[in-house]
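Trainee: Before we start, I would like to go through this model and check each term against its definition.
Mentor: Go ahead.

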Amino acid sequence: MEVKSHLQRVLSSGQLAVTAEIGPPRNADPEVIKRKAKLLKGYVDAVNITDCQTAIVRISSIASAILVMAEGLEPVAQMTCRDRNRIGIQADLLGASALGIRNLLCLTGDHPKFGNHPMAKPVFDLDSLQLLKLVRDLEEGYFANGEEIKGRKPQFFRGAAENPFAEPYYIRAYRLAKKIKAGAQFIQTQIIYNVDRFREFMEDCERLGLLDKVYILAGITPPKSVGMAKYMKYHVPGLDVPDEIIKRLEGAKDVREEGINIAVELIQRIKDIPGVKGFHIMAIEWEEAVPEIVKRAGLYPRPEYEVPIYPFVVERVVERPVEMVVEKVIEKVVEKPVEVIVEKEIEKPIEVYIEKAITELEEGMAKGQISLESFIEILANLKAGLKQIKAGMDSVEETIEILEQEFFGKGKPTKVELKEVPKVEEKEKIKPQVQPEIKEKVEVKKEAEVKPEEEKIAPEPIAEVKPEAKGEKKPEVKPETKPEEKREESAEKGPEVKPEVKPEVKPEVKPEVKAEGKLEVKTRLFKGTYRPLSERAKKVPESAYLDRATGEIQEVVIGKDGKAIKVGGAKALNFHYFEGELPNSIQIAYEILDIKPEDWPESLAKYYQDVWHDPALWAKKCVEEYGASAICLYLLGTDPNGLNLPANHAIEVVKKVTSAVDVPLIVWGSGNAEKDVEVLREVSEIVGPRGAVIGPVVDTNHRTLGAVAMGYGIPVIASSPIDVNLAKQLNILLENIGVSLDKILMDPSIGALGYGIEYTFSVMERIRLAALYGQDTKLACPFICSIGKEVWKTKEASLPTDETFGDQEERGVLMEALTAVTLAMAGGDLLIMRHPVAVKLCYTLFNSLSQA
Amino acid sequence: MIIAERRPLPEILANLSPYKKILVLGCRGCVAVCSAGGDREVAILAEAIRLARERQGSPVEVYEEILIRQCDPEYLQPLAEWMSKIEAVVSMACGVGVNLIADLYPSLRVYPGVDTTFYGANVALGEWVEKCRGCGDCIIDQTAGLCPIARCAKNLLNGPCGGSQGGKCEVRKDMPCVWHLIIDRLKERGELERLLEITPPKDWRPAGGDGLRVRKRPDLTLS
């Protein structure tokens, strides 16, 4: 049987309703509430009791409502979502109904932040809409979990709030519609001062056809003081107080009287707006104003209560037996679902796709319905799985095939053979490997092509003969090639061959080797001829290994005019010629120092000790004897932890070097961020105009050095401590100040062989993969790797020759070359090295991995 | 890492029903590691969408792309190129990725391909367990490294409650009572007296109770 609340009866009778608001005290004194209730009794139809408004602790709304009822006044209890989850809310609602509370205002509630316990955990398990629905569901006999309420159901006249003044305005009426849909029967609006806006809101509601579906009570608050009005205007979000209200109060003799006048006038203006069914007067901490307002607004007297409000105690006695029954029933119902849930959750993880599929199919068939989607999902899973198995099988087959070839000597060997060669042979072999440049004559190219053919013929017929055949073949074939090339070149250019001939191509190492004469380095060398992957892997379908990059590495130009070198520009991983264009070969710069090196082992020192007193001579030797195409000048002497030589010293050295050689120059500072700013700023003045690279630039000096580099349009070395993100961050920082990415060489901070080369490799590889395959353009800069510095400071490079460690020089050379080649594989584009033989070795290896 | 789980296919399909060109966008971050949104899962979902739509008689073009991460604007840049080719994106990244895409590409219809579930550890093959709730104010220095916020159903700070039985939680029998574990451990360390102290109510603001959480490193921000 439906019991209407008094408020509901007044509203449904078509009369304008009047409600007021009581804020409970922040203590346990019931008299405060009783006194306020007495004040209002007879002037309002019901009184709204806040639920800890603004999140400040007070007597609870439901308890206060009971106290109000004891005074014979009908309460509107409030329920917010801030402090209770759905369990607490439902429990309190059952209680409120059991105690005879018939009106309920459902709110989300103010955030704890605004109250006196800001660190309380905000619950907000539900919002006001979900709460409205929950209340309606309870009334219809269902808990929030869908469980049925056995026994007496709670009953409420459901209210909600809406704020016509909150932005965006256009959503407000729709939101009201949603609240009505969720179960709201009456609405209290936010305090109205801007009547025009409120009218628009009501028109919106009319358009949506909401006005017959809900009783709207307009919110009215008499401003008690100017300060209060201003507070509401400036500090309460979504409260619109026009200036004229504040002016009126400011100009009033009796502010309170004026406040009441304002409220009365507002009521007069609002009551004729279609859809307004009453007023909710919120005289905050000023309840005594309400009777006055009601009387003056012509809303007095109020309709009599049809059913007197009686104390809750009577009802409780009546309800008791019913409550007992309800509890028992609930216990039983609860047990079942718990069991079911546990079983299900245990089963799930064990199920395999197929089992699951079968189960689902069986279930589906039993029910006469199969979930198409789940069936499809299973098929997709199976299909993907089969694909992978197939791919796995394919690669196993390939591997077996390759192994067979290796064992039985059928077909061509899949790897480039290593060969032990004495020094003399080494020289000879290296010479022909000078990359025939496209610019060069056609004859040279032809010869280069001929070579691999001859080689092929040899190993094919008899596997056993291979070693011999090779040993013989090489010296024969190559010397021939070499002299021809030589002759042609020398005919044109004279003895001092290359620099001018090919700006991009690496110079041959021949002259240096001859000059030294004493090179005793025995090394195991690659043959040094390139065989395309398509030939080596012709039994493997291209699709099995081809993975073309989507990105591209920036091309950085170092130096100017004919001597400039280019690094980067790659559209594939280094040496992956089969996957994409690698327009620039890997460059090597010879490292020289501004001061005489102290700790270089004899095996390295012997090449330079005749010139290292003078960086100009040193640079000249590198270029003229060893054919360096670039020089890296390491300003070790300026290091504050070492000699701490001033910037002037660096300027002198750089001047000398620049006048001695015209190859591109890399000026590498001491690594001290502050000192480098000082030194490199000065140095750039000299090297800037001719083109050079300066660095290392780190995060702490990127602004100044970045600006210097931009000023001269020269590239910088962006140096970061071996980390993908740090490298990227530095590039972004540099880009942000205006250094474009094609002016950045990344120094990832490398480690030498045995000193962290694996870590270096994986970081560099990840950076390069991100740039080429991960569309990470901020990482798409060429790498510069300071190899020599790292290798030659290792203990192993300096240990004397002995039985265990072998020859000192060979060891050092191999360490430097291996470090260099490894990092070139990882993406290194410009390598800085020291030992001329190591450089030579690298070129040999690079050539063997490169397309002619 | 952030753990996620593929959303049910019918829900994904429902979201995509108006579109004819769809990009399934994977992420090689956390969701790849927890097998929810990496290369393989992208392939499976793309295939499933194709099959389902074919069955429904409204075939669809499904493209696949996997980004290194989706929680970083830089890594999302490739999306700009996709905009003209597709009508909707199903992002298989965690909610962070979906949100960032929505932030950066307002005109792009982006739908979540996974439910982002929790921060967890890969405790066994195919099993991930929540270990942290990101509440912003770590208390596990007091609890022997075991987090009661993440691992106690009641988030008790002065546990265990009366529902701890045989080391198990009453809420779920398969769930160890974390307070039981904490006590065992503190006892071993001779630090049981720690539990005599009443831990005061927690400040929930860093847990998100105060709205959007933001972290700034002034020394790393670009002025």
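Trainee: Which residues have the most contacts inside the largest nonpolar core?
Mentor: They are I631(A), L633(A), V667(A), V716(A), C842(A), V31(B) and M92(B), in a core of 151 residues. Helix α30 (residues 808–826) of chain A supplies the largest share, 10 residues. This is a predicted model: local features need pLDDT of at least 70, side-chain atom pairs count only at pLDDT 80 or more, and totals for chains, interfaces and linings use all residues. Residues are numbered from 1 along each chain as its sequence is written, while chains are lettered from A and ligands numbered from 1 in the order in which they are written.

Trainee: What makes a set of residues a nonpolar core?
Mentor: The set must consist of buried Ala, Val, Leu, Ile, Met, Phe, Trp, Tyr and Cys residues joined through C-beta atoms within 7 Å. Buried means that 20 or more other C-beta atoms lie within 10 Å of the residue's own, with C-beta atoms placed from the backbone. A second, separate core of 88 residues includes A20(A), L131(A), F157(A) and I281(A).

Trainee: Which residues are in contact with V716(A), leaving aside its neighbours within four places in sequence?
Mentor: Among them are V693(A), I694(A), L705(A), L734(A) and K743(A). Contact means C-beta atoms within 7 Å.

Trainee: Why is α5(A) called roughly parallel to α6(A)?
Mentor: Helix α5 (residues 128–139) of chain A and helix α6 (residues 172–182) of chain A pack at about 25 degrees, with axes 8 Å apart. Angles under 35 degrees count as roughly parallel, so α5(A) is roughly parallel to α6(A). L129(A), L132(A) and K133(A) of α5(A) meet K178(A), K179(A) and A182(A) of α6(A).

Trainee: How many residues of chain A are in contact with chain B?
Mentor: 22 residues of chain A are in contact with 23 residues of chain B. Helix α14 (residues 372–408) of chain A gives the most to the chain A side, with 9 residues.

Trainee: Where in chain A does pLDDT stay under 50?
Mentor: pLDDT, the predictor's confidence in each residue from 0 to 100, stays under 50 over residues 313–351 of chain A, where the model has 13 contacts beyond four places in sequence. Residues 410–523 of chain A also stay under 50, with 123 such contacts. Where pLDDT is low, the predicted coordinates should not be read in detail. Chain A averages a pLDDT of 80, and 77% of the residues score at least 70.

Methods: A residue is buried if 20 or more other C-beta atoms lie within 10 Å of its own, exposed if 12 or fewer, and partly exposed in between; C-beta atoms are placed from the backbone. Helices (H or I, at least four residues) and strands (E, at least two) are DSSP runs, numbered from the N terminus. Two residues are in contact if their C-beta atoms, placed from the backbone, lie within 7 Å. Axes are lines fitted to C-alpha atoms, for helices over the stretch in contact, and angles run from 0 to 180 degrees between N-to-C directions. Angles under 35 degrees count as roughly parallel, over 145 as roughly antiparallel, 65 to 115 as roughly perpendicular and the rest as oblique.
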